[in-house]
Amino acid sequence: MAEITASSVKSLREKTGAGMIDCKNALVEAGGDENAATEILREQLKNDPKNAGKPDDVLNKIIEGRLNKYFEENVLVDQPFVKDPSKTIGELIAEKIASIKENITIRRFTRYKMGEGIEKRQDDFAAEVASMVG
């Protein structure tokens with residue numbers, strides 16, 4: 001059995017929108033296979049009492065919507081262009097390829113999240129005073 005890491009649980013949770021414990025249990029049951037765990041989280045969604053009366057096509061649309069939201073937030077070519085949010089990065093690239101008649105590929109990019117890397121400074125006032133006093 002594969003080891004279930006916190007990052008794999010977090011990844012599955014972000015993709016499916018399911019709870020942490022549900023994701024962990026699904027990964028354990030699937031032996032660490034994320035695709036199999038996604039299918040297990042589908043069975044649980046169907047067996048959920050609040051979804052009991054919903055047809056399969058509605059449940060599949062719920063799952064598809066959650067996955068699309070994940071990809072929209074995390075895949076570069078699916079993200080809206082900063083200067084014109086009505087276009088995605090993929091659409092912008094296609095427009096530029098058509099206008100300049102050259103192939104464009106994204107070789108690398110850096111993703112920044114607002115507030116990421118900013119950590120609150122922790123001061124130990126008592127230690128500072130003690131060091132000054134000697």
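# A tour of pockets, patches and salt bridges

Start by selecting glutamate 14 and lysine 10, which sit four residues apart in helix 1, about one turn of the helix. Helices here are DSSP runs of H or I with at least four residues, and strands are runs of E with at least two, numbered from the N terminus.

Before going on, a word about what is on your screen. This is a predicted model, in which local features need pLDDT of at least 70 and side-chain atom pairs count only at pLDDT 80 or more, while totals for chains, interfaces and linings use all residues. Residues are numbered from 1 along each chain as its sequence is written, and side-chain values use heavy atoms, with hydrogens and water left out.

Stop 1: Show the side chains of your selection. Glutamate 14 makes a salt bridge with lysine 10, with 3.8 Å between the closest N and O atoms. A salt bridge is a side-chain nitrogen of Lys or Arg within 4 Å of a carboxyl oxygen of Asp or Glu. Glutamate 14 is partly exposed at 39% relative accessibility, and lysine 10 is partly exposed at 48%. Buried means under 20% relative accessible area, exposed means over 50%, and partly exposed lies in between (1.4 Å probe, protein chains only).

**Stop 2: the second largest pocket.** The volume of the second largest pocket is about 190 Å³. A pocket is found on a 1 Å grid over the protein atoms alone, as an open set of points where a 1.4 Å probe fits, with protein on both sides within 12 Å along at least five of seven lines; lining residues have an atom within 4 Å of a point. Grid points are joined across faces, edges and corners, and a volume is the space filled by probe spheres set on the points.

**Stop 3: the largest pocket.** Now select Thr16, Ala18, Leu41, Leu45 and Arg66, which lie nearest the centre of the largest pocket among its 16 lining residues. Its volume is about 240 Å³. Which helix supplies the largest share of this lining? Helix 3 does, with five residues. Helix 1 (6–16), helix 3 (34–47) and helix 4 (56–74) each supply at least two.

**Stop 4: along helix 3.** Select arginine 42 and glutamate 39, a salt bridge whose closest N and O atoms are 3.1 Å apart. These two are separated by about one helical turn because they are three residues apart in helix 3.

Stop 5: Move to glutamate 95 and lysine 87, another salt bridge, with closest N and O atoms 3.0 Å apart. In total, the model has five salt bridges.

**Stop 6: a nonpolar patch.** Finish with Val77, Ile106 and Phe109, a nonpolar surface patch with about 250 Å² of accessible area together. Patches use residues with over 30% relative accessible area and no salt bridge, joining like charges within 9 Å and nonpolar side chains (Val, Leu, Ile, Met, Phe, Trp, Tyr) within 5 Å. Areas come from the Shrake-Rupley method with a 1.4 Å probe; for residues, only the protein chains shown count as cover. Valine 77 lies in the loop between helix 4 and helix 5 (89–100).
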